[in-house]
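Here is a short briefing to read alongside the model. Please keep the viewer open as you go through the points.

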Amino acid sequence: MPRELTYLEAVREALQQEMRRDERVFVIGEDVGVYGGAFGVTRGMVEEFGEERIIDTPISELGIAGAITGAALTGMRPVGEIMFMDFTTLAAEQLVNQAAKIRFMFGGNATVPFVLRTPAGSGTGAAAQHSQSLENWFVHVPGLKVVMPSTPYDAKGLLVASIRDDNPVMFIENKLLYKSRGPVPEEIYTLPLSVSEVKREGRDVTIVATAIMVQRALEAARQLAEMGIEVEVVDPRTLKPLDRQPIIASVIKTGRVLIVHEACKTGGFGGELAAVIAGSEAFDFLDAPIIRLAGRDMPIPYNRTLEYHTVPQVDDIVQAARKLAEGSV
């Protein structure tokens, strides 16, 4: 029986094992020490590593981003934490104008090997300022890598790989996935960044989904299988750089594609995926239009019922994929 961890425990174990392996790795953020972080990811770590490696900061997201940028330039491997992805807007100057550019501006003579971890997504009743999915803002910036794991196994392996990467990495964790469980090896391991994975094989429709939408797409695929519709689910895992080939190969195989993400539809990652598919050899194999299912173009409501209906749910995915498979779109 393989050992199981929650997504949260997998992230914590990745941090702990990398900090034991490499003294250059440290964690910095608001309340990451004794309090253990906004969601408890770093709980108990200050007792093992001390306040010099689990560093509490004042409430200054820009300061955290600046600190990890400067520390990375001096040869450290910092891991910053920003409590909610919404607050990365406050750190944008350091992330977008400084960290992402430095390696290029200095001809590769300087590197910025940091990871900025941040939870994203809705479903916790945290309303408009604590529930956004802003990943595509950072996908747009050359020089940043953007990782969004959907399982505990992926979270651990991709976080270890991100810490060892020589580039600034935005590591986006979905809040609702923190309690999800799955098999995670005890030993330290890496998963290569920029490798998409087929999470489920099928023949009728391809669903390309990110983060928690991968889990909802898999549940939808189970329900659709009972209707005789076999869905293939592809998880990019790293949004930038994107591993395109498994997505293209899947669309060639099925001829129909549904793209699902939580972020608002307009300007969302689904548009980039649609352009990748339309501009590839898969275009000639499409038997139906490319369909995007995404968050509504509105702030996340505080009301839980309205919040639920603002982002795609399993029933929405089932309905959209069924229409695609039956040729009614």
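Where is D31 found? D31 sits in the loop between β2 and α2 (45-49); helices (H or I, at least four residues) and strands (E, at least two) are DSSP runs, numbered from the N terminus. This is a predicted model, in which local features need pLDDT of at least 70, side-chain atom pairs count only at pLDDT 80 or more, and totals for chains, interfaces and linings use all residues. Residues are numbered from 1 along each chain as its sequence is written, and side-chain values use heavy atoms, with hydrogens and water left out.

**Backbone features**

- Most residues other than glycine have a negative phi, and most peptide bonds are trans.
- D31 is not a glycine, yet has a positive phi of about 60°.
- With a relative accessible area of 39%, D31 is partly exposed (buried means under 20%, exposed over 50%, partly exposed in between, with a 1.4 Å probe and protein chains only).
- A127, also not a glycine, has a positive phi of about 70° and is found in the loop between β5 (115-120) and α5.
- A127 is buried, its relative accessible area being 18%.
- The peptide bond from K240 to P241 is cis, with omega near -5°, and P241 belongs to the loop between β12 and α8.

**The seven-stranded sheet**

- Seven strands make an open sheet of mixed pairing, in the order β3-β2-β4-β5-β7-β6-β12 (two strands pair if DSSP finds at least two bridges between them).
- β3 (54-56) and β12 (238-240) are the edges, each having a single partner strand, so one side of each lacks a neighbour in the sheet.
- From one strand to the next, the twist averages 20° (axes are lines fitted to C-alpha atoms, for helices over the stretch in contact, and angles run from 0 to 180 degrees between N-to-C directions).
- Five bridges link β2 (residues 25-29) and β4 (residues 77-81) in the parallel sense, and V25 has R77 in β4 as its bridge partner.

**The five-stranded sheet**

- The order here is β9-β11-β10-β13-β14, an open sheet of five strands with mixed pairing.
- β9 (197-200) and β14 take the edges with a single partner strand each, so one side of each is left without a neighbour in the sheet.
- The twist averages 25° from one strand to the next.
- β13 and β14 run parallel and are joined by four bridges; V260 stands opposite L293 in β14.
- Helix α8 (residues 245-254) lies across β10 (205-209), β11 (231-235) and β13, and runs at about 155° to β10.

**Pockets**

- A pocket is an open set of points on a 1 Å grid over the protein atoms alone, where a 1.4 Å probe fits, with protein on both sides within 12 Å along at least five of seven lines; lining residues have an atom within 4 Å of a point.
- The largest pocket holds about 260 Å³ of space (the volume filled by probe spheres set on the points, which are joined across faces, edges and corners).
- Its lining has 21 residues, with Q132, S133, L134, A263 and C264 nearest the centre.
- α5 (135-139) and β13 (257-264) each supply at least two residues of that lining.
- The second largest pocket has a volume of about 200 Å³, and its lining includes K265, R292, H309 and D316.
- β14 gives the most to the lining of the second largest pocket, with four residues.

Key
Contact = heavy atoms within 4.5 Å.
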